[in-house]
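Q: Can you walk me through this one? I'd like to go over the sheet, the confidence and the aromatic rings.

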Amino acid sequence: MMASRGTGAVLSRAARMRQKLQSALEANVLDIEDVSYQHAGHAAVKDNANETHFNIRVISSKFEGQSLVKRHRMVYDLLNDELNSGLHAISIVAKTPKESGS
Amino acid sequence: MATASAVAVTQNTNQRSGGATREYRIRSLARSAARLSFFSSVSGGASDHRTADFRRADSPAVPQPASQQFMKYSSGLGGDSSANGDSSSTRLAADPDTHQDFQPTSKSSNMSFDDIVARDIKENPVLIYMKGYPDAPRCGFSALAVKVLKTYDVPITGRDILGDLKLKESVKAHTNWPTFPQVFIKGEFVGGSDIILDMHQASELIVPSFHYQKGQLKDILGDIAQKGEQNESS
C-alpha cells in the first residue's frame with residue numbers, strides 16, 4: 001500500500017522486496033509498509049531510520065499447508081540479501097487466500 | 001507488530017540490569033533445583049558443573065571468577081563493555097552496511113555455546129532469546145512476545161542476546177532464523193513475536209491441523225502452567 005517508489009535507476013528497498021516476494025510467492029496481495037520512522041530512536045539503527053523496519057502482509061496460495069514458522073522462513077529466505085544489507089526487522093502477516101477471507 | 005515499540009524503547013533505557021537481576025533471583029526461587037543452581041551462581045554459589053561449563057565456553061585471555069563469567073553470559077552486566085567492544089569490532093571487520101544482527105554466523109567456533117543453547121532449550125519449558133530481560137525488554141518485539149507469554153501462568157526463562165554476541169550467533173545458527181525474539185516451548189522453536197501473538201489471538205477460522213487453532217497457545221502452555229503451580233507450592 002505504501003511501497004515507496006525508487007527514483008532513477010536505483011530501486012528502494014521496498015521496491016526490491018516487492019520484486020522478490022511477488023514473483024516467488026505469486027502473491028494475491030502484497031502490502032509492504034516502511035515503518036522505520038517508528039524505530040528511529042532504536043539503539044540498533046545506526047545512522048538513519050531509513051528502510052530498516054517494514055510491515056509485510058502477503059496473501060498467497062503458496063502458503064497452503066505451511067506452518068507459520070515455515071511461511072515466515074520462506075519470506076526471510078527470499079529477503080536474505082536485504083537482511084544482510086541493512087534491513088533490521090520485518091513484521092510478517094502471511095496468509096492463504098482462504099484464511100484471509102478473500 | 002509491536003506498536004508499543006517506541007514506548008518500550010524510551011522506558012527501558014532507564015532500566016538497567018540491576019533491577020532485572022534482582023527480579024530474576026526472586027523468580028528463580030520458585031523454579032526447579034537445576035535451574036536454582038544456574039541462577040544462584042549470580043550471587044556466587046554455583047555448582048561446579050555449571051561453572052565449569054561457562055569457564056570453558058568463554059575461554060577469556062584473563063581468567064575471570066566463575067560468577068562474573070556467568071553474569072557476562074546471562075545478564076550482560078559485567079559484559080556490557082566487552083560485549084560492546086566485541087560488536088563494534090565485529091561490525092568494523094565485516095561489511096559496514098550489514099547490521100550486526102545479520103552478520104554471518106560460524107558454527108565451528110562456537111561448539112560449547114551450541115551445547116549450552118541445546119541444553120537451555122531442552123531444560124526450560126518456556127525459553128525466549130530476546131533483547132533485554134523479561135522484566136526489562138530492550139526491544140518492542142521482545143517486549144510484545146514476553147507480554148503475550150506472561151498472560152499464561154507459566155515460568156518464563158529469558159536470555160539476553162544483546163550482552164553476548166557468541167550466544168546470539170549460536171542461537172541464530174541453531175534455528176536458522178535471522179531475528180529476535182525467538183521463543184521455544186517444550187524444546188521446540190515456535191517462532192518470533194508475530195507468530196506468538198498470532199497463536200495467542202487465534203484466527204476467526206478453524207484452519208487445518210497443521211496450522212493453529214483457536215487458543216492453541218493456551219493448549220501447549222496449559223500443562224506447563226499446572227507444573228509451575230506444583231513447583232511453586234512445594
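A: What follows takes those topics in turn.

Q: Before that, what are the ground rules?
A: Residues are numbered from 1 along each chain as its sequence is written, and chains are lettered from A and ligands numbered from 1 in the order in which they are written. This is a predicted model, where local features need pLDDT of at least 70, side-chain atom pairs count only at pLDDT 80 or more, and totals for chains, interfaces and linings use all residues, while side-chain values use heavy atoms, with hydrogens and water left out.

Q: OK, the sheet in chain A. What is the strand order?
A: The order is 1-2-3 in an open sheet of three strands with mixed pairing. Strands here are DSSP runs (E, at least two residues; helices are H or I, at least four), numbered from the N terminus, and two strands pair if DSSP finds at least two bridges between them.

Q: Which strands are at the edges?
A: Strand 1 and strand 3 of chain A; each has a single partner strand, so one side of each lacks a neighbour in the sheet. Direction ignored, neighbouring strands of this sheet are turned by 10° against each other on average. That uses axes fitted as lines to C-alpha atoms (for helices over the stretch in contact), with angles from 0 to 180 degrees between N-to-C directions.

Q: And strand 1 with strand 2 of chain A, parallel or antiparallel?
A: Antiparallel, over six bridges, with strand 1 covering residues 29-34. A:V29 stands opposite A:I59 of strand 2.

Q: How many bridges between strand 2 and strand 3 of chain A?
A: Seven, in the parallel sense, with strand 3 at residues 89-95. A:H53 has A:A89 as its bridge partner in strand 3, and A:F54 stands opposite A:I90 in that strand.

Q: Why is strand 2 of chain A largely enclosed?
A: Because five of its seven residues (53-59) are buried. Buried is under 20% relative accessible area, exposed over 50%, partly exposed in between (1.4 Å probe, protein chains only).

Q: Switching to confidence. What is the mean pLDDT of chain B?
A: 66, with 44% of its residues at 70 or more; pLDDT is the predictor's confidence in each residue, from 0 to 100. In chain B, helix 6 (residues 80-93) is lowest at a mean of 40, and strand 4 (residues 157-160) is highest at 97. Residues 2-20 of chain B have pLDDT below 50, with 23 contacts beyond near neighbours in sequence; a contact is heavy atoms within 4.5 Å.

Q: What about the complex scores?
A: The predictor gives an ipTM of 0.82 and a pTM of 0.60.

Q: Last topic, rings. How many aromatic pairs over all chains?
A: Four. Rings of Phe, Tyr and Trp (its six-membered ring) pair with centres within 6.5 Å; planes under 30 degrees apart are stacked, over 60 edge-to-face, the rest tilted. B:Y129 and B:F184 are edge-to-face, at 5.9 Å centre to centre and 85° between the planes. They sit 55 residues apart, in strand 1 (residues 126-130) and strand 5 (residues 182-185) of chain B.

Q: Is B:F184 buried or exposed?
A: Buried, with a relative accessible area of 2%. B:F184 also forms a tilted pair with B:F189, at 5.4 Å and 50°.

Q: Which residues make up the aromatic cluster?
A: A:Y76, B:Y129, B:W177, B:F184 and B:F189.
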